[in-house]
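This report goes through a protein–DNA model one topic at a time. The sequence and the structure come first.

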Number of protein chains: 2
Amino acid sequence: MGGVKVDGRVERGEQTRRLILRRAAEIASVEGLEGLSIGRLATELEVSKSGVFAHFGSKEELQLATVRAAAAIFVAQVVEPALVLPPGLARLERLLDGWLAYSENRTFPGGCFFYAVQAEFDARHGRVRDAIAGYGRQWSDYVRETVAAIPEVADPDQLAFELIAFLEMANAQSVLHDDPHAYSRARVAVRNGLAQAGAAVSATRR
Amino acid sequence: MGGVKVDGRVERGEQTRRLILRRAAEIASVEGLEGLSIGRLATELEVSKSGVFAHFGSKEELQLATVRAAAAIFVAQVVEPALVLPPGLARLERLLDGWLAYSENRTFPGGCFFYAVQAEFDARHGRVRDAIAGYGRQWSDYVRETVAAIPEVADPDQLAFELIAFLEMANAQSVLHDDPHAYSRARVAVRNGLAQAGAAVSATRR
DNA sequence: AAACTAATTGTACGATCGTTCGTACAACTT
DNA sequence: AAGTTGTACGAACGATCGTACAATTAGTTT
């Protein structure tokens, strides 16, 4: 598996790069992608500022790389665990549970990375905003497709909208108010939403 | 009406202060309260940087004053119009419609001011975060109380959670993806949520 | 008209921002 | 062994940040 590359220099470089991006995503989930500064990153990681800068060439590229790194973590933690199940209600439930766990266990210290950066960049212009919007659309598309794989659901678009709303609300309430009940309320809301979407769904589960 | 104050100097000062805070709230709804800078504010308003600074004494005070100013606009635009109706379903519906209109007509150019700054400060510490969290709690408390005034609703906390989730989701989707359908989806979700909360509610409206 | 007060301005400061540059050194190639 | 490549570093740059303070302007009071 992997490349045949054995060059110790680029190997070390990639490790440094991963180190930088992990910390960058952590910082950005709390302080935002603009709150992230190259100098601060260098200080915290005890490397030189120019060393950090050289890996990306510009702050915008650092932000883009940070978004991509966070997306990879999100996919590994939320999307992939649900793919082991066949399309249907069970996969959807695992997907939603996985999201709530990803937020609740603070994979990123500031809660959901994408909730933070979407709100930060939603009204701006540029490549970073476009990248964030692209991932956001991929996520909502995937939720919608997963919902649509359940034949009992009459309006997948509407249900997907409501389900994602519950997830993000739980994240927001939990982070802002340290409210541990937010996630249980979201789980109730999800259960009600699924049950209401199709009585047959509720029936098959009893 | 109001104060007996006739001093033209402080009158002019207060007008300048209002001018600053209006622009500050507009900027913050797009770029965040940290993206707001005293120098930029001064340039855009064509006043001196020290003039802007003198009104607040520190950046933190400027941010706090901006949050307070935005809260006043929010109350005038969303909360007060609903108060003309007696507690009950009609008041709740006007409150939710008012919120969606406030977001949709871009009272602030970046959509809901508090959605933006909550996500920006939710994981931080300090007086600005505390002020934002305080207003957020007041808002959710008020929605909950308004919901609780409808006797048919079994679980006001749960319903309030879900309703606010729909509002914020609509704002987020609309701003990030320029999606005009987001608000209509939220209105459908609100209607379903209210109808489901009590069949009696739905019955009384037909 | 003179004294006073409040809002506003101009100038300057230290710190930090993103960025550029030349250099040092370890690792790979020949 | 000599030459090349890639990562990391230290120093410096112009710009902008928040903040401080004295000078100025405009309006009020005596």
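## Surface near DNA strand D

DNA strand D is surrounded by 22 residues, and A:Arg9, A:Thr16, A:Ser50, A:His55 and B:Lys59 are the closest of them. Of the atoms of DNA strand D that come within 4 Å of the protein, sugar and phosphate make up 60%. These values come from a predicted model.

In chain A, a polar backbone atom of A:Ser48 is 2.8 Å from a phosphate oxygen of DNA strand D, and the side chain of A:Ser50 places an N or O atom 2.7 Å from a base oxygen. In chain B, a polar side-chain atom of B:Ser37 lies 2.8 Å from a phosphate oxygen of DNA strand D. Two or more residues of the surface near DNA strand D come from each of α1 and α3 of chain A, and from each of α1, α2 (38–45) and α3 of chain B. With five residues, α1(A) gives the most to this surface. By class, the surface near DNA strand D holds six nonpolar, 10 polar and six charged residues.

## Surface near DNA strand C

Around DNA strand C there are 24 residues, of which A:Gly8, A:Lys59, B:Arg9, B:Thr16 and B:His55 come nearest. Among the atoms of DNA strand C within 4 Å of the protein, 61% belong to sugar or phosphate, and the rest belong to bases. The residues of the surface near DNA strand C are divided into seven nonpolar, 11 polar and six charged.

In chain A, an N or O atom in the side chain of A:Lys49 is 3.2 Å from a base nitrogen of DNA strand C. In chain B, the contacts listed here go to phosphate oxygens of DNA strand C: an N or O atom in the side chain of B:Ser48 is at 2.9 Å, and a polar side-chain atom of B:His55 is at 2.4 Å. The elements that give two or more residues to the surface near DNA strand C are α1 (8–35), α2 (38–45) and α3 (49–56) of chain A, together with α1 (8–35) and α3 (49–56) of chain B. The largest share, five residues, comes from α1(B).

## Relation between the chains

Two copies of a chain are related by a rotation about an axis and a shift along it. Here, chain A is superposed on chain B by a rotation of 180° with 0.0 Å of shift along the axis, at an RMSD of 0.0 Å. That is the relation of a two-fold axis. A:Ala165 is the residue of chain A that comes closest to the rotation axis, its C-alpha being at 2.6 Å.

Through which surface do the copies meet? Of the interface residues of chain A, 100% are also interface residues in chain B, so the copies meet through the same surface.

## Confidence

The average pLDDT of chain A is 94, and 94% of the residues score at least 70. Over residues 199–206 of chain A, however, the pLDDT is below 50, and this stretch has eight contacts in the model beyond near neighbours in sequence. Where pLDDT is low, the predicted coordinates should not be read in detail.

## Individual residues

Most residues other than glycine have a negative phi. A:Arg106 has a positive phi, near 55°, and phi of B:Arg106 is also positive, near 55°. A:Arg106 sits in the loop between α5 (89–104) and α6 (113–121) of chain A, and B:Arg106 sits in the loop between α5 (89–104) and α6 (113–121) of chain B. A:Arg106 counts as partly exposed at 28% relative accessibility, as does B:Arg106 at 27%.

B:Gly13 is part of helix α1 of chain B. Its relative accessibility is 22%, so B:Gly13 counts as partly exposed. B:Gly13 and B:Leu36 are 23 residues apart along the chain, and 21 Å separates their C-alpha atoms.

Is A:Thr146, in helix α7 of chain A, buried or exposed? A:Thr146 has a relative accessible area of 5% and is therefore buried. The helix that holds A:Thr146, α7, covers residues 127–148. Apart from neighbours within four places in sequence, A:Thr146 is in contact with A:Arg91, A:Leu92 and A:Leu95.

Key. Residues are numbered from 1 along each chain as its sequence is written. Chains are lettered from A and ligands numbered from 1 in the order in which they are written. This is a predicted model: local features need pLDDT of at least 70, side-chain atom pairs count only at pLDDT 80 or more; totals for chains, interfaces and linings use all residues. Side-chain values use heavy atoms; hydrogens and water are left out. A residue is near a molecule or strand if one of its heavy atoms lies within 4 Å of it. A polar contact is a pair of N or O atoms within 3.5 Å; within protein, one must be able to donate a hydrogen and the other to accept it, and residues adjacent in sequence count only if both atoms are side-chain atoms. Helices (H or I, at least four residues) and strands (E, at least two) are DSSP runs, numbered from the N terminus. Ala, Val, Leu, Ile, Met, Phe, Trp, Tyr, Cys and Pro count as nonpolar, Asp, Glu, Lys and Arg as charged, and the others, Gly among them, as polar. Copies are superposed by least squares on the C-alpha atoms of residues with pLDDT of at least 70 in both. Contact means heavy atoms within 4.5 Å. pLDDT is the predictor's confidence in each residue, from 0 to 100. Buried means under 20% relative accessible area, exposed over 50%, partly exposed in between (1.4 Å probe, protein chains only).
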